[in-house]
Amino acid sequence: MSMFRFRDRASVLDERSRRFLTTVAWLGGYVTPEQAQLLGIRNSVPRVHVQLKDLEDWGFIRRVGVYPSIYQVTKSVTRLMGADLAARREHANETIRTRLLTVNFYVEAIRWPVEFVFDHGQKISKLMKIGCQPAFFPQRGHRPYLWQDILLQRPSGELVFAMVDHFGRTSSFQLHTFLKRFAPNLGLDELRLMVAVGSERRERLFSRLLNHTRLQRLLDEQGITMPLREMLTIYCVRRAVPVVRPLITNRQQLRELRALRLASRGLIDQQQQARHVIHNNAIHTNPGVSAEQGDMS
């Protein structure tokens, strides 16, 4: 069997690995070994690492971070799903941390009585069922686009759009954008919003914004009389997100990093030489000053 062919590589995946890869892709494309175990890829730590190594060898994930290891899905996973969610593309460290926070949110939220709706067609149909108008959905290419939006459904049928706090963006900008995306449909009783944050400090920031007149005015313009605080819930994820330490494999990046280190060393050497010269000048001039002072006396 040639493992270079996608068909052959896909054939060795068991159902647990397929479910793990597609779930990670829906959640943004990044995962740590600890998260992989919580997602059920394998039950023990050694088996988790073995399975992740196999998936890496088969070309379904690649390691992009160290200490802890961070894996990203590859194009093979998008082929497996039949949809490209931009999860395989290169992202900034802040975005990677945000997507790791998304996985932590999912791991905690699946313990609630909710169902995560990942399929795009199901998102549209469930929203239409409670009375949402497709024309008011976020659009891309004049068509509804909710591929990367997180949608939860409660047993009562109520739907909840969830936003995960981005590490590189302000709370006010995110909340305003979030409300503006879904404001035309927010008057419905069965549609609510949620913001997942990674710290108590961010929770306090978002909580204060719930009373902001500018945001409430945005709802008033849509004829929504319900206070924002009753419509939106803020959830603080308990599990912390690790710092991203990129794994550099590109030779050009290595050369650039080496050049930066050499440049910084050269700058330090120049500063040390400058301090040495100043110190020596001070030593040489002091006797002269003393002599002049002696002559004046």
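Analyst: Let's start with a term: a residue is buried under 20% relative accessible area, exposed over 50%, and partly exposed in between (1.4 Å probe, protein chains only). In this protein chain of 297 residues, 41% are buried. Keep in mind that this is a predicted model: local features need pLDDT of at least 70, side-chain atom pairs count only at pLDDT 80 or more, and totals for chains, interfaces and linings use all residues. Residues are numbered from 1 along each chain as its sequence is written, and side-chain values use heavy atoms, with hydrogens and water left out.

User: How many helices and strands are there in the protein chain?

Analyst: Helices (H or I, at least four residues) and strands (E, at least two) are DSSP runs, numbered from the N terminus. The protein chain has 12 helices and 10 strands.

User: What is the order of the open sheet of five strands?

Analyst: Strands of a sheet pair through backbone hydrogen bonds, either parallel or antiparallel. The rule here is that two strands pair if DSSP finds at least two bridges between them. Reading across the five strands, you get β4-β7-β8-β9-β10, an open sheet with mixed pairing. β4 (115-117) and β10 (232-236) are its edge strands, each pairing on one side only.

User: In which sense do β8 and β9 pair, parallel or antiparallel?

Analyst: Parallel: β8 (residues 159-164) and β9 (residues 191-197) are joined over six bridges. Look for Leu-159, whose bridge partner in β9 is Leu-191, and for Val-160, whose partner there is Arg-192. Then find helix α8 (residues 171-182), which packs on this sheet and touches β8, β9 and β10 (contact means heavy atoms within 4.5 Å). The direction of α8 makes about 150° with that of β8.

User: How many residues of β9 are buried?

Analyst: Seven of its seven, so to speak a covered strand. In a regular strand the side chains alternate between the two faces of the sheet. In β9, Leu-191, Leu-193, Val-195 and Val-197 are buried on one side, and Arg-192, Met-194 and Ala-196 are buried on the other.

User: Which residues touch the most other members of the largest nonpolar core?

Analyst: A nonpolar core is a set of buried Ala, Val, Leu, Ile, Met, Phe, Trp, Tyr and Cys residues joined through side-chain atoms within 4.5 Å. The largest one has 31 residues, and Leu-127, Phe-161, Leu-175, Phe-178, Leu-186 and Leu-232 touch the most other members. Elements that each supply at least two residues of this core include α7 (120-129), β8, α8, β9 and β10. Take Leu-232: leaving out residues up to four places away in sequence, Leu-232 touches Leu-175, Phe-178, Leu-193, Val-195 and Leu-210. There is also a second, separate core of 26 residues, with Val-107, Ala-162, Val-241 and Val-244 among them.

User: Which residues lie nearest the centre of the largest pocket?

Analyst: On a 1 Å grid over the protein atoms alone, a pocket is an open set of points with protein on both sides within 12 Å along at least five of seven lines, and lining residues have an atom within 4 Å of a point. Arg-99, Gln-148, Asp-149, Met-163 and Arg-169 lie nearest the centre, out of 33 lining residues. The largest share of the lining, six residues, comes from α8.

User: Where is His-142 found?

Analyst: In the loop between β5 and β6 (143-144). Most residues other than glycine have a negative phi. His-142 has a positive phi, near 60°. His-142 is also exposed, at 81% relative accessible area.

User: What order does the open sheet of three strands have?

Analyst: β1-β3-β2, with antiparallel pairing. The edge strands are β1 (30-31) and β2 (61-65). Two bridges join β1 to β3 (residues 70-73), and Tyr-30 stands opposite Gln-72 in β3. Helix α4 (residues 45-57) packs on this sheet, touching β2 and β3, and its direction makes about 110° with that of β2.

User: Is Asn-43 buried or exposed?

Analyst: Exposed, at 60% relative accessibility. Asn-43 sits in the loop between α3 (33-38) and α4. Not counting residues up to four places away in sequence, Asn-43 touches Arg-16 and Gln-37.

Note on methods: Axes fitted to C-alpha atoms, helices over the stretch in contact; angles between N-to-C directions. 1 Å grid on protein atoms, 1.4 Å probe; cavity = no way out; pocket = protein on both sides within 12 Å on 5 of 7 lines; lining within 4 Å.
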